[in-house]
Amino acid sequence: MADTTTIRISRDTHARVTRLAAERHETIDVTVSKAIRALRQDAMARDLGADLTADEAAWLDADAG
C-alpha cells in the first residue's frame, strides 16, 4: 500500500470492519475494497434485471440488415 489516505468513520463502523477483516484473514483495505466491488456489482445486477425501456426494446428488435 504505497499511497494512503484517511477517511472518517464511526467507531462502531471501524470495529465492524476490523472484525470482518480479521474473520476473513485480510487487511481492512482489502475488506473495504471487496465491499465496494460487491456494492458496484449489486448495482449492476439491479440495472441488468430492470425492465427494458421502450427505446431499448425497439433497438433490440430492430433489423440488423
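So, charges: the mean positions of the 9 positive and 12 negative charges in this chain sit 16 Å apart. Lys and Arg count as positive, Asp and Glu as negative, with His and the chain ends not counted, and each charge is placed at NZ of Lys, CZ of Arg, CG of Asp or CD of Glu.

Quick caveat: this is a predicted model, where local features need pLDDT of at least 70, side-chain atom pairs count only at pLDDT 80 or more, and totals for chains, interfaces and linings use all residues. Numbering runs from 1 along each chain as its sequence is written, and side-chain values use heavy atoms, with hydrogens and water left out.

Okay, the fold. We've got 3 helices and 0 strands, taken as DSSP runs numbered from the N terminus (helices are H or I, at least four residues; strands are E, at least two). The radius of gyration is 20 Å, well over the 11 Å from the globule rule for 65 residues, so the chain is more spread out than a compact globule. That radius is over C-alpha atoms, and the rule is 2.2 Å times the number of residues to the power 0.38. The C-alpha trace spans about 55 × 25 × 25 Å along its principal axes.

Buried residues are 6% of the 65; buried is under 20% relative accessible area, exposed over 50%, partly exposed in between, with a 1.4 Å probe and protein chains only.

Now, H25. H25 sits in the loop between α1 (11–24) and α2, and its phi is near 60 degrees, positive in a residue other than glycine. Its relative accessibility is 75%, so H25 counts as exposed.

Last one, I36, in helix α2 (residues 28–49): at 47% relative accessibility, I36 counts as partly exposed.
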